[in-house]
Amino acid sequence: MSVAARNLVNLSSVSKEYAARTILEQVTLGVADRDRIGVVGGNGQGKSTLLELIAGSEAPDRGQVTRSGGLRLGTLDQSDRLPAGSTIREVLVGERAEHEWAGSREFRGVLDGLLGGVDLTRFPDGIDTPLTGLSGGERRRIALARVLLDHPDLLLLDEPTNHLDVEAIAWLGEHLAARDGAMVIVTHDRWFLDAVCTRTWEVAERAIHQYEGGYAAYVLARAERDRVEQAREERRQQLIRKELAWLRRGPPARTSKPRFRIEAATALIADEPPARDRTELLRFAGSRLGNKVIEAEDISFARGERVIVNHLTWRLGPGDRVAVVGANGSGKSTLLQLLAGELDPAQGRVQRGETVRLAHLSQSAAEIPEQCTVIEAVEEVKRRATLAGGEELTAGRLAERFGFRGERAVTRVRDLSGGERRRLTLMRLLMSEPNVLLLDEPTNDLDIETLTALEDLLDRWPGTLVVVSHDRYFVERVADNVFALDAIGGIRHLPGGIDQYLAELQEPATSGGAAGPTPSSGAAPAGSQSPKGAVIRQARKDLQRLERELEKLAAREQQLHSEMAASATDHARLAEMTAALDALVAERDRTESNWLETAALLEG
């Protein structure tokens with residue numbers, strides 16, 4: 001017989017306000033001892049505030065938060081709270097005896113996954129390295145390791161994947177999925193949500209909507225909720241029209257109607273909700289690209305004695321959509337700076353085509369005047385942008401489409417959240433109408449609504465795209481090809497994408513022990529029934545090709561149906577198109593069969 005789940009934290013009719021703005025209103029919910037909850041929502045909606053209320057670092061203005069006796073909390077917020085003047089040993093080991101932590105399988109696993117191993121060779125003095133002088137990403141990993149090693153009953157993690165590379169995020173997902181105990185995680189990483197969480201809370205409009213399942217289940221459930229709300233709104237509008245028609249039936253009839261009916265109809269109209277709050281998708285028209293976009297020929301670059309790029313040759317053509325992956329510190333940001341012309345290679349050359357209009361989104365905060373409003377900051381770049389089809393869009397309308405509506409459009413830059421600043425920086429980049437985009441960790445600090453809008457924008461954007469990102473979902477969504485930077489400063493294509501990159505990290509190095517993915521996947525073990533190495537890579541490549549073919553066939557089939565409808569009276573032409581449609585359907589069926597066989601090969 002299963003043991004009932006124990007409630008750890010309960011919020012009862014909780015409300016929270018900042019200045020004159022209500023963040024959460026009349027929220028009632030609970031966290032049980034086996035809950036694995038992902039928290040999503042727009043920037044500034046109250047996700048971090050919710051974690052602070054659960055943790056007790058913030059008190060509600062109204063309502064009550066209760067916690068079970070003896071509850072041990074482990075919190076990771078977005079600020080750096082590591083003690084000044086400490087060493088890694090003092091933060092992670094504390095009073096533990098040497099044999100206790102060094103021999104602990106769990107302790108070693110956390111150090112391997114987040115800090116490169118028990119010896120901590122990535123730090124100058126190993127485990128005795130002072131925290132002073134470490135990068136923000138290194139401090140973040142140490143803070144995350146500390147909270148995992150403290151064995152809390154309830155983990156409260158605010159954006160735990162920030163500053164982690166793809167490999168570390170994959171490890172963290174597996175670690176948390178196998179961990180006992182409850183957790184509430186604020187994250188915009190959709191792959192991570194699906195890998196770890198079994199419930200999803202959406203923070204929106206001062207309320208919290210609860211869903212079963214991870215991100216995929218949440219999207220389906222929210223779509224169903226929106227469908228039901230849309231049907232309810234359609235019925236509401238019908239009622240409004242009936243009531244107004246009834247009220248307008250001439251003065252004699254109006255005077256005889258009960259007063260409460262008139263008041264009810266007036267209240268119904270006054271309470272009509274605004275248009276649904278959604279980020280609309282833009283496609284900025286870029287200048288046409290010539291045959292040459294960016295060509296890096298035999299370039300090398302070093303910082304001090306460390307070689308970052310070594311005799312690298314890479315060519316980007318018009319319309320290329322590529323992602324670059326690699327471990328933290330492997331040189332991905334440096335490569336983008338070299339491509340953008342912000343750094344000069346020590347050897348070789350980088351050539352950019354004459355028609356290239358390049359925009360580079362870096363990880364550092366863009367310099368935007370603090371006194372400007374959102375609209376003024378966009379107008380500083382350009383007052384109007386040209387969309388596909390020649391339509392012009394003002395800065396004010398652009399701000400509205402990117403979620404800066406009403407008072408938020410005239411908010412000073414100094415009062416914006418980190419996510420809103422990132423969104424504003426993207427708007428300013430797009431306003432310049434580039435035809436080459438270099439995006440360095442574009443998903444940092446963006447909420448899921450803005451992420452999906454950006455993805456849809458990039459889907460239809462006609463220029464050349466290079467993106468560096470640790471967000472697997474984003475990479476797989478916007479990039480056609482993935483390239484990896486290796487430990488010796490080279491770059492190579494990964495036909496199998498991030499899955500291939502992670503798989504190869506688990507295999508023995510074949511180039512003298514060099515770290516990072518190696519060109520070879522190694523031979524399959526004797527008697528193995530599953531395809532390995534080159535076979536898997538070819539299958540993944542075939543799968544991508546077949547998916548593109550299916551998309552083209554679906555578009556052609558839709559076009560044929562439209563042409564047949566237009567030629568309904570031309571029987572000869574209709575017969576030709578019917579035969580063409582039959583042949584197209586047969587080809588689609590064959591392609592689908594090939595896709596299923598290839599997918600089964602990979603799954604096997």
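1. Buried, in this note, means under 20% relative accessible area, exposed means over 50%, and partly exposed lies in between. The structure discussed here is a predicted model. By that cut-off Cys197, with a relative accessible area of 5%, is buried. Cys372 is buried as well, its relative accessible area being 15%. The count of disulfides in the model comes to zero.

2. As to the overall make-up, the protein has 604 residues, of which 45% are buried. Its secondary structure comes to 19 helices and 20 strands. Among contacts between residues at least 6 apart in sequence, 68% join residues at least 24 apart.

3. Helix H6 may be considered next. This helix covers residues 166–178, which is 13 residues. From its first C-alpha to its last it reaches 19 Å, close to the 18 Å expected at 1.5 Å a residue. The buried residues of H6 include Val166, Ile169, Trp171, Leu172 and Leu176. Gly173 and His175 also belong to the buried set of this helix.

4. His175, placed in helix H6, deserves a separate remark. Is His175 buried or exposed? With 19% relative accessibility, against a cut-off of under 20% for buried residues, His175 counts as buried. Leaving aside residues up to four places away in sequence, His175 touches Val110 and Leu148. Val110 stands 65 residues from His175 along the chain, yet the two C-alpha atoms are separated by 8.5 Å.

5. Arg140 belongs to helix H5, residues 136–149. What is the nearest side chain of opposite charge to Arg140? That side chain is Asp77, 5.4 Å away. A salt bridge requires a side-chain nitrogen and a carboxyl oxygen within 4 Å; Arg140 is buried and has no salt bridge. Among the residues that Arg140 touches, not counting those up to four places away in sequence, are Leu76, Asp77, Gln78, Asp158, Glu159 and His163.

6. Side chains of opposite charge can pair when their charged atoms come close. A search of the whole structure finds 21 salt bridges. One of the pairs is Asp128 with Arg89, whose closest N and O atoms are 2.7 Å apart. This pair links distant parts of the chain, 39 residues apart: Asp128 is in the loop between helices H4 and H5, and Arg89 is in helix H2. Both partners are classed as partly exposed, Asp128 with a relative accessible area of 39% and Arg89 at 25%.

7. A further salt bridge joins Glu297 to Arg315, with the closest N and O atoms 3.8 Å apart. Glu297 lies in strand E10 and Arg315 in strand E11, so the pair ties together parts that are 18 residues apart in sequence. Glu297 is partly exposed, with a relative accessible area of 23%.

8. Glu433 and Lys382 also meet through their side chains in a salt bridge, at 3.4 Å from N to O. Because Glu433 lies in the loop between helix H14 and strand E17, and Lys382 in the loop between helix H12 and strand E15, the pair ties together parts 51 residues apart in sequence. Glu433 is buried, with a relative accessible area of 9%, whereas Lys382 is partly exposed at 27%.

9. Finally, a network of salt bridges links Asp35, Arg199 and Glu212.

Terms used: Residues numbered from 1 in each chain as written. Predicted model: local features only at pLDDT ≥ 70, side-chain atom pairs only at ≥ 80, totals over all residues. Heavy atoms only, no water. Helix = DSSP H or I, 4+ residues; strand = E, 2+ residues; numbered from the N terminus. Buried < 20%, exposed > 50% of the residue type's maximum accessible area, 1.4 Å probe, protein only. Lys, Arg positive; Asp, Glu negative; His and termini not counted. Contact = heavy atoms within 4.5 Å. Expected span 1.5 Å × (residues − 1). Disulfide = S-S within 2.5 Å.
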